[in-house]
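I opened this model to look up its ligand sites. My notes are below, in the order I made them.

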Amino acid sequence: MPKNKNNNKDNNKKIKNFLINFIIIFLTLAIIGSLVFAYFYIENKNKDMEVAYTELIKQIDDEKIEKIEMTAGSQTAKITYKGQNEEDEGKIVSIPDTEAFTELIQKKVQDGNNIELIQKQTNIFLRISATLIQFIPTLVILALFILIFKMQGFGGEKKIYDGEENDTNVRFDDVAGLEEEKNELVEIVDFLKNPKRYQDMGAKVPKGILLCGKPGTGKTLIAKAVAGEAGVPFISMSGSEFIEMFAGLGASRVRKLFEKAKKIAPCIIFIDEIDAIGARRTSNSGAETENNQTLNQLLVEMDGFETETSVIVLAATNRPEMLDTALLRPGRFDRQIMISTPDIKGREEILKIHSKNKKFENGVNLKSIAEDTAGFTGAELANILNESAIIATINKHKSIKQEDIEEAIKKVTVGLQKTSRVISEKDKKLTAYHEAGHAIVSKFLETSDDVKEISIVPRGVAGGYTMYKTDEDKFYISKTEMEERLVSLLGGRAAEKLALNDISTGASNDIEVATKIARDMVTIYGMSDKVGPISLKTDSPYELQIFGENIEDVVGKEIKKLIDEAYTKAQDILKKNRPILDAVSEVLIIQETISQEEFEEFFK
Ligand code: ADP
Ligand code: ZN
């Protein structure tokens with residue numbers, strides 16, 4: 001059940017960054033320009049009015065001066081000579097030290113010099129503009145610094161040149177649910193704690209691990225927990241920060257990031273949103289080339305350090321399928337961990353963790369909240385509890401009540417509904433029957449692998465999934481196996497039809513896969529008696545003609561027959577086991593995932 005769209009955001013980001021850079025350059029140029037202008041303007045004006053300060057002192061001593069006017073905050077004085085015409089503008093003299101000068105004049109007046117000193121207060125506007133002019137050089141220098149720092153990747157809000165470094169105090173206990181995921185990372189923690197032991201043994205530890213999952217599912221949290229558990233520094237940087245850079249700087253940032261990591265190793269590098277730099281290399285124009293450089297640098301760095309460096313790179317993405325395959329090669333991000341949205345148990349645990357330092361009324365039931373929040377991520381659950389605390393405060397409750405939490409859920413849900421991420425009861429039921437259908441049908445097939453887990457927690461574009469245990473690598477697949485594969489694929493659709501008497505788009509991928517298998521059986525593997533062991537793998541209808549005029553009809557009919565038979569068989573199995581189908585679906589709706597053991601129980 002596809003529910004994903006998320007592309008405009010990146011473009012908007014690029015435009016925003018471009019604008020910010022543009023504005024900074026523009027402002028700097030404007031400031032420099034006005035400074036240069038102001039400088040020459042003042043220079044020129046002063047030139048024809050200036051009288052040397054020493055000459056002024058001499059004229060005062062000679063009692064040639066009638067009046068000196070000074071404005072507060074200004075470095076100049078206006079001089080009126082004795083016998084000077086009323087209309088004549090006085091001369092302007094620049095005063096190096098206005099305080100000393102005022103004192104000097106006052107002393108002359110006391111000594112009997114008949115000189116008049118007028119001190120004017122400027123109006124505020126003039127004073128401010130005078131002050132501003134004084135500050136212009138400082139401002140320009142400041143602006144230049146900001147520009148340079150930004151170009152090099154200092155400065156900016158959370159932009160730190162070689163990654164944000166901190167020792168985290170997050171532990172695995174702070175990460176709820178995700179038990180399997182934590183287990184997969186225990187080995188990494190141990191390695192970071194005792195790199196030497198692993199090295200002495202000659203063991204190869206992965207350098208890069210990709211954490212895949214929706215935003216807010218706890219990827220950053222679990223990465224921090226790895227660092228916290230191992231007691232090593234955690235350096236983080238977001239992929240989008242690399243591309244916010246001026247040309248060529250993304251790559252140098254990557255280099256600096258790894259340089260720093262090697263210095264403080266053992267440590268963890270965390271690259272969030274790695275798809276921002278690691279997207280598949282396509283064209284080579286403009287921004288693309290820039291990203292390619294950054295990506296290439298990342299590849300170089302990953303290849304460059306040996307495992308004895310004890311730096312582990314964890315990267316997060318919501319779109320692993322978009323990543324350049326070069327990133328996923330051995331020695332790079334060759335291990336992937338799926339971080340899925342929490343199931344009902346996981347949600348309850350997350351709620352527990354985030355309710356720790358909040359005051360709840362007795363009888364608040366986190367379990368029922370977990371039931372009402374299917375499809376919510378950890379971040380959204382944390383948000384709900386926070387909202388509920390706010391709502392409780394607004395409502396003047398002594399502690400958080402169940403109703404406050406329910407209100408918070410509604411509030412958060414409204415926000416989510418816009419992005420259509422909340423799973424309705426109806427969808428849940430449909431998905432439950434669909435997945436139960438797959439699983440139960442497989443159970444009655446000879447060749448099918450055992451069911452390992454059934455879930456209605458969305459994963460990627462799928463609304464739910466049924467996982468199988470595969471224990472052997474097979475070289476050949478028999479005709480029976482392929483036929484039965486068709487049956488189990490169509491089990492989802494068959495269950496929908498049987499239980500809800502309606503069918504949905506949720507089965508589209510199953511149908512696509514089934515059709516391909518059936519076609520391959522007929523046209524490649526020669527598994528249809530009517531067509532015989534002939535390969536019809538050709539794109540040209542003309543070539544098909546040599547097998548007779550209606551070979552296409554025959555092929556079509558054979559494919560349809562395989563599918564129809566498989567669908568009927570799936571329906572038969574489910575009809576016979578209707579009570580189990582209902583039971584499994586009901587349990588799925590309640591607990592969202594069913595383990596292998598739990599599934600087996602239904603057949604006892
Ligand atoms: P991501 O990196 O996957 O986008 P984060 O790790 O940033 O998600 O999660 C955001 C916040 O949501 C975390 O800081 C934490 O408060 C909460 N959270 C998410 N998942 C969990 C979890 N499994 N257990 C506890 N808290 C979680
Ligand atoms: Zn399916």
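**Ground rules.** I am working with a predicted model, where local features need pLDDT of at least 70, side-chain atom pairs count only at pLDDT 80 or more, and totals for chains, interfaces and linings use all residues. Residues are numbered from 1 along each chain as its sequence is written, chains are lettered from A and ligands numbered from 1 in the order in which they are written, and side-chain values use heavy atoms, with hydrogens and water left out.

**Ligand 1, shell.** How many residues surround ligand 1? I found 16, and the closest are Gly216, Lys219, Thr220, Leu221 and His354. A residue is near if one of its heavy atoms lies within 4 Å of the molecule. I sorted the shell by residue class: 7 nonpolar, 6 polar and 3 charged. Here Ala, Val, Leu, Ile, Met, Phe, Trp, Tyr, Cys and Pro count as nonpolar, Asp, Glu, Lys and Arg as charged, and the others, Gly among them, as polar.

I looked for N or O pairs within 3.5 Å. A backbone N or O atom of Ala176 sits 2.9 Å from a ligand nitrogen. Leu221 places a backbone N or O atom 2.9 Å from a ligand oxygen. For Ala379, the backbone atom is 3.3 Å from an oxygen of ligand 1. I then checked burial: ligand 1 alone exposes 550 Å², and the protein buries 80% of that. The areas are Shrake-Rupley values with a 1.4 Å probe.

**Ligand 1, elements.** Helices H7 (219–230), H12 (344–354) and H14 (378–394) each give two or more residues to the shell. Helices here are DSSP runs (H or I) of at least four residues, strands (E) of at least two, numbered from the N terminus. H7 supplies the largest share, 3 residues.

**Zinc ion, ligand 2.** Which protein atoms are its donors? I list His434 (NE2), His438 (NE2) and Asp510 (OD), 2.0 to 2.1 Å away. Donors are N, O and S atoms within 2.8 Å of the metal (3.2 Å for Na, K and Ca); water is absent, so sites may look incomplete. The spacing along the chain reads H-x3-H-x71-D. His438 lies in helix H16 and Asp510 in helix H18, so the pair ties together parts 72 residues apart in sequence. His438 is buried at 7% relative accessible area. Asp510 is also buried, at 11%. Buried means under 20%, exposed over 50%, partly exposed in between (1.4 Å probe, protein chains only).

**Met467.** This residue is in strand E12 (residues 465–468). Met467 is partly exposed at 26%. Its C-alpha is 9.9 Å from that of Glu435, 32 residues away in sequence.

How values were computed
A polar contact is a pair of N or O atoms within 3.5 Å; within protein, one must be able to donate a hydrogen and the other to accept it, and residues adjacent in sequence count only if both atoms are side-chain atoms.
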